[in-house]
Amino acid sequence: MTDRTVWLDRVTSTQDVLHGLAADGAPDGTAVVAVEQTDGRGSRGRSWNSGRGGLWLSVLSRSAGPSPAEALSVRAALGVAAALDAMGVRGVAVKWPNDLMLNDRKLGGILCEARWLGDRFAWVVIGVGLNVTNILPHDLRSSAIALAETHSAIRAGDLASVVIEQLRSGAAITTPLADAEQSAFVTRDWLAGRVLTSPAAGMADGVDPDGALRIRRADGTVEVVRVGPAVAATH
């Protein structure tokens, strides 16, 4: 695995740049970090405001494999949360399948995108977006948070290397979530005990080893779902 990291100023998306590098033969572990994205994206094709001051990066894995994709997303989220712990940012929670939460607001997200050559898996790019000192759009300030609000001394550049190291380590693991990883998820599970209306009705009940969400219905049976987002009931 390489330790190569490409540092760029302004790009459409670090995901797009790294997919292009992968197609040209970039080795496993290659990372791309950008100061600003003009066309950043989140899950389900949503746009992601990616102004200067945030942490926008992607890491290439040729070893992760296409399945279980949910386990890779959970593993990446736990890795980023651990990296933030190391920087003194405590209390980061994971909202299945790919959101990072702080003080019940969205701090960042994970985006895993796989590519195939014909019917053969080729690579997956793991993207991370974290609000650090970037200015949040006015309409998101009640639901999103930047680290500047709670940890004003931290800059995106301080986080990049430790986050990349965590992602490289996690992507090298090809097995389902280990017991220790599931235990770590329990301590960070933002959905724990919440009643959900989607993707199925019931109470969030953690994740299985493949990273799929468990939802316990009123009759006690458990439904396992792999497609989000998870929507909590409002009261």
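**Exercise 1. Decide whether His19 is buried or exposed, and identify what surrounds this residue.**

Step 1. The relative accessible area of His19 is 8%. Buried means under 20% relative accessible area, exposed over 50%, and partly exposed in between, with a 1.4 Å probe and protein chains only. His19 is therefore buried.

Step 2. His19 belongs to helix H1, residues 14-23. Helices (H or I, at least four residues) and strands (E, at least two) are DSSP runs, numbered from the N terminus.

Step 3. Apart from neighbours within four places in sequence, His19 contacts Arg41, Glu113, Arg115, Trp123 and Val125. Contact means heavy atoms within 4.5 Å.

A note on the basis of these values: this is a predicted model, in which local features need pLDDT of at least 70 and side-chain atom pairs count only at pLDDT 80 or more, while totals for chains, interfaces and linings use all residues. Residues are numbered from 1 along each chain as its sequence is written, and side-chain values use heavy atoms, with hydrogens and water left out.

**Exercise 2. Describe how helices H2 and H4 pack.**

Step 1. Two packed helices are described by the angle between their axes and the distance between the axes. For H2 (residues 69-86) and H4 (residues 179-188), the angle is about 65° and the axes are 11 Å apart. H2 is therefore roughly perpendicular to H4. Axes are lines fitted to C-alpha atoms, for helices over the stretch in contact, and angles run from 0 to 180 degrees between N-to-C directions. Angles of 65 to 115 degrees count as roughly perpendicular, under 35 as roughly parallel, over 145 as roughly antiparallel and the rest as oblique.

Step 2. On the H2 side, Val74, Arg75, Leu78, Ala81, Ala82 and Asp85 take part; they meet Glu181, Ala184, Phe185 and Arg188 of H4. By class, this contact of H2 with H4 has six nonpolar, no polar and four charged residues. Ala, Val, Leu, Ile, Met, Phe, Trp, Tyr, Cys and Pro count as nonpolar, Asp, Glu, Lys and Arg as charged, and the others, Gly among them, as polar.

**Exercise 3. State the strand order of the five-stranded sheet and trace its pairing from E8 to E10.**

Step 1. The open sheet has the order E11-E10-E9-E8-E12, with antiparallel pairing. Two strands pair if DSSP finds at least two bridges between them. E11 (222-225) and E12 (231-232) are at the edges with a single partner strand each, so one side of each lacks a neighbour in the sheet.

Step 2. E8 (residues 195-198) is joined to E9 by two bridges, and Leu196 has Gly202 in E9 as its bridge partner. A hairpin is formed by E8 and E9, with three residues between them.

Step 3. E9 (residues 202-207) and E10 (residues 213-216) are joined by three bridges, and Ala204 is partnered by Ile215 in E10. These two strands form a hairpin with five residues between them, and Gly211 in the turn has a positive phi of about 85°.
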